[in-house]
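The exercises below are worked by reading a model alongside its sequence.

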Amino acid sequence: MKSFQIRSKMINGVAVLYLKGHLDAHQVARFEKELVRMIKENNFNILINGQDLNYITSAGMGIIMGYIDEVREKGGDIKLCSLSERVHETFDLVGFTEIYDFIVNEQAALEKFSSVLPKT
Amino acid sequence: MSRPPLKNSAAFSPKPDFSLTILSETQLLKMVVELTRHIATLFQFPLNEAQKLSLAIDEAVTNVIKHSYNSEPGGEIRIDYFLAAAGMRICIHYRGLAPDISVEEVNIGRMIKKKKKGGLGVKLMKTIMDSVTYTTVDGENCCEMIKWRTAK
């Protein structure tokens, strides 16, 4: 079994990335590839659900850092939700929790996106 | 009354208690992380501290693989663990390019504007560990990291 898995789905106009397992420098290319695919398909409202993510290093956090400006320039955002205490603490150690939106669960995160998405 | 343990380099034996040599391959990082966490917990560091300590080692070894060995496999990395009552000292020995020891303050806002993906690892290491020092002697680089045990 792979130590890191990623899957995605669209929910109400939000691209949700589900990360699972151990995200380090060895696995980070797969995360970047999926994030870039989302952006190239003009999905700029991106939610990273880390409910099953048990480890992240600066390599994974760096990918979020590297693309968030582009996404925000296009009127979207990258938000994070459902992180374990341990993974949240890792983001906190580099000061990300002051800059990014960390939301307690997916439902609340989707509601936050829906408040800025144009009504159809 | 017993004296508190020393909190300087004299606290540690000159000979490592445990040593591991790996090749510069990122697939080995998970093993190093799990081993470091295991050593730290065996050595009575609380689990939360042991997890952070192993993350700092992951960051340091990742930097060596990416920057000193330019992600080329086959470079040797020796990790020495020194254990003492006062804490844990870890020395990572490697060749390849000398490390960039710039002391530039990490500014996340500026890094976002520059669309940078790297540069957070050293900040993590310095935040987690009590001391991070890089030296190069006769072409051999050493990253020394110390974590002192907090008083109960």
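**Exercise 1. Confidence**

What is the mean pLDDT of chain B, and what percentage of its residues reach 70 or more?

Solution. The model is predicted, so confidence is read before geometry. Chain B has a mean pLDDT of 91, and 93% of its residues reach 70 or more. For the model, ipTM is 0.91 and pTM is 0.92.

**Exercise 2. The sheet of chain B**

Give the strand order of the open sheet in chain B and the sense of its pairing.

Solution. Step one is the order: the 5 strands run β1-β2-β3-β5-β4 in chain B, and the pairing is antiparallel. Step two is the edges, which are β1 (18-23) and β4 (131-137) of chain B, each pairing on one side only.

**Exercise 3. Strand β3 and its partners**

Which strands pair with β3(B), and over how many bridges?

Solution. Begin with strand β2 (residues 76-84) of chain B, which pairs with β3(B) in the antiparallel sense over 8 bridges. A hairpin through 2 residues joins β2(B) to β3(B). Within this pairing, B:Tyr81 has B:Ile90 of β3(B) as its bridge partner.

Next take strand β5 (residues 140-148) of chain B, joined to β3(B) by 8 bridges and also antiparallel to it.

Is strand β3 (residues 87-94) of chain B largely enclosed or largely open? Of its 8 residues, 6 are buried, so the strand is largely enclosed by the rest of the structure.

**Exercise 4. Helix α2 and its neighbours**

Describe how α2(B) packs against α1(B), against α4(B) and on the sheet.

Solution. Two packed helices are described by the angle between their axes and the distance between the axes.

1. For helix α1 (residues 29-42) and helix α2 (residues 47-68) of chain B, the axes come within 8 Å and cross at roughly 145 degrees. The crossing of α1(B) past α2(B) is right-handed. Residues of α1(B) in the contact include B:Leu29, B:Val33 and B:Ala40, while those of α2(B) include B:Leu53, B:Ile57 and B:Val61. By class, this contact has 9 nonpolar, 5 polar and 3 charged residues.

2. For α2(B) and α4(B), the axes come within 9 Å and cross at roughly 145 degrees. Here the crossing is left-handed. From α4(B) the contact takes B:Gly121, B:Leu124, B:Met125 and B:Ile128; among the residues from α2(B) are B:Leu55, B:Ala56 and B:Ala60. The residues of this contact divide into 7 nonpolar, 3 polar and 2 charged.

3. On the sheet, α2(B) touches β2, β3 and β5 of chain B. The direction of α2(B) makes about 10 degrees with that of β3(B).

**Exercise 5. Positive phi**

Where do B:Ser71 and B:Lys115 lie, and what is the phi of each?

Solution. Most residues other than glycine have a negative phi. B:Ser71, in the loop between α2 and β2 of chain B, has a positive phi of about 60 degrees. B:Lys115, in the loop between α3 and α4 of chain B, has a phi near 55 degrees.

**Exercise 6. One residue of chain A**

Locate A:Gln5 and list its contacts beyond four places in sequence.

Solution. A:Gln5 lies in strand β1 (residues 4-11) of chain A. A:Gln5 touches A:Lys20 and A:Gly21, leaving aside residues up to four places away in sequence. With 16 other C-beta atoms within 10 Å, A:Gln5 is partly exposed.

Key
Residues numbered from 1 in each chain as written. Chains lettered and ligands numbered in written order. Predicted model: local features only at pLDDT ≥ 70, side-chain atom pairs only at ≥ 80, totals over all residues. pLDDT = per-residue confidence, 0-100. Axes fitted to C-alpha atoms, helices over the stretch in contact; angles between N-to-C directions. Left-handed = near helix turned anticlockwise from the far one by under 90°. Contact = placed C-beta atoms within 7 Å. Nonpolar A, V, L, I, M, F, W, Y, C, P; charged D, E, K, R; others polar. Buried ≥ 20, exposed ≤ 12 C-beta atoms within 10 Å, placed from the backbone. Pairing = 2+ DSSP bridges.
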